[in-house]
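Here is a short briefing on side-chain packing. Please look over the sequence and the structure before reading on.

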Amino acid sequence: MPDSLLVAALGDIHGRFHRVETWLDALEQARGRRVDVVLAVGDVEAFRRADDHRRKAAKRTMPAEFAEYADGVRRVKRPLYFIGGNNEDFEALHDLQAGGELAPGVCYLGRAGLRELHGLRVAYLSGIHAPRFIEQPLKRPTTQDTMKQAGYFRTAEVEQVSGLRDVDLLLVHEWPRGIVQRAREENPMPPRPLPSYWIGNPVTRRLVDMVHPRWVLCGHSHKAFAVTLEGPGRPATRIACLDQAARAQESVFWLEYQGREAMRAGWGTSGDVSWESGQRWDLSSLPPPQEGDSEGASAEY
């Protein structure tokens, strides 16, 4: 493992591959070094056509640029590893439940597990929580209903991750429940509007509280957020929630490591450092709110 490692994370791409590649170019230029690995927190939408009937109607107005990468017309400049969200080409992912490459340099991590990337222990859980389906078997996604159900994680998948320890990064799609409440407790007068108290799910929260990863990265609710979970007898877990890939400032997040220790982190492509080892990670670590930011976010994505 090199002395330092630059990890870039992306919020929900929703098919916008060209845009995020440009953003990563800008980040490299700003930091004066190469991005070693890119992590995406779900809703990548590696579809070949924007109007694919399997996409939600609201998503068909978004680009579908993956075909150029799958066909070899374009190639990602840095290795991209992603988890599944609740909007994906689940037919293509079904036979890759333990992970696999969809295009040169574009790798699906799988539904749940652990992968060592550049010396970092990266755990992951794809999908969101749907109580009605968490105990049901995963069916091949051949109908609209089974494709939707493929975006829900199952108990056995949660258990694959819950026994892991010494985890550097945990990738999940949906937020852990209760992190907004934690932020409200720490910030009676928060520097920006906070999203709904009810964002997130309790299963992912229990998972975080069992595994105690050093960092958690998540997406789904299209809102940037920062909070630390800690307490007597438990190490700190820093959580970074990313916006969708509509604007770089809150949908690109990066971490710079020395060995397995995160030394500094930042948002967007400016290269500016918003956190360094030893500092507090909380709402003050977020970039300044932009015009149009408003309270609340929808998880119906």
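Buried means under 20% relative accessible area. By that cut-off, W215 is buried, and W275 is buried too. The model is predicted.

**Aromatic pairs**
- Twelve aromatic pairs occur in the structure.
- One of them joins W215 and F253. Its geometry is tilted, with 5.9 Å centre to centre and 45 degrees between the planes.
- This pair links distant parts of the chain. W215 belongs to strand β9 (residues 215-218), F253 to strand β12 (residues 252-258), and they are 38 residues apart.
- Both W215 and F253 are buried.
- W215 also pairs with W275, here edge-to-face. The centres lie 5.2 Å apart, and the planes are at 85 degrees.
- That pair, too, links distant parts of the chain. W275 sits in strand β14 (residues 275-276), 60 residues from W215 in β9.
- One aromatic cluster takes in W215, F253, W267, W275 and W281.

**Strand β12 and its partners**
- β12 is mostly covered, with six of its seven residues buried.
- Strand β1 (residues 4-10) runs antiparallel to β12, and seven bridges join the two.
- F253 in β12 is the bridge partner of A9.
- Strand β13 (residues 261-267) is also antiparallel to β12, joined by six bridges.
- In β13, W267 stands opposite F253. W267 and F253 are also members of the aromatic cluster.
- The hairpin of β12 and β13 has two residues between the strands. There, G259 takes a positive phi near 60 degrees.

- Which residues of helix α6 (residues 179-186) are buried? They are I179, V180, R182 and A183.
- These residues lie on the same side of α6, because they cover an arc of only 155 degrees around the axis.
- The buried residues of α6 pack against α7 (202-211), β10 (225-231) and β11 (234-241).
- F225 shows part of this packing from its own side: leaving aside neighbours within four places in sequence, its contacts include I179, V180 and A183.
- Other contacts of F225 include I239, A240 and C241, as well as L194, P195 and W267.

**A buried arginine**
- R192 is found in the loop between α6 and α7.
- Is R192 buried or exposed? R192 counts as buried because its relative accessible area is 8%, and the cut-off is under 20%.
- The side chains of R192 and E250 are joined by a polar contact of 3.3 Å.

**Nonpolar cores**
- In soluble globular proteins, nonpolar side chains tend to be buried together.
- The largest nonpolar core here has 60 residues.
- Which residues have the most contacts inside this core? They are L39, L169, W215, L217, F225, F253 and Y257.
- Strand β7 (residues 120-125) gives the most to this core, with five residues.

Conventions. Residues are numbered from 1 along each chain as its sequence is written. This is a predicted model: local features need pLDDT of at least 70, side-chain atom pairs count only at pLDDT 80 or more; totals for chains, interfaces and linings use all residues. Side-chain values use heavy atoms; hydrogens and water are left out. Buried means under 20% relative accessible area, exposed over 50%, partly exposed in between (1.4 Å probe, protein chains only). Helices (H or I, at least four residues) and strands (E, at least two) are DSSP runs, numbered from the N terminus. The arc is that of the directions from the helix axis to the C-beta atoms. Contact means heavy atoms within 4.5 Å. Rings of Phe, Tyr and Trp (its six-membered ring) pair if their centres lie within 6.5 Å; planes under 30 degrees apart count as stacked, over 60 as edge-to-face and the rest as tilted. Two strands pair if DSSP finds at least two bridges between them. A polar contact is a pair of N or O atoms within 3.5 Å; within protein, one must be able to donate a hydrogen and the other to accept it, and residues adjacent in sequence count only if both atoms are side-chain atoms. A nonpolar core is a set of buried Ala, Val, Leu, Ile, Met, Phe, Trp, Tyr and Cys residues joined through side-chain atoms within 4.5 Å.
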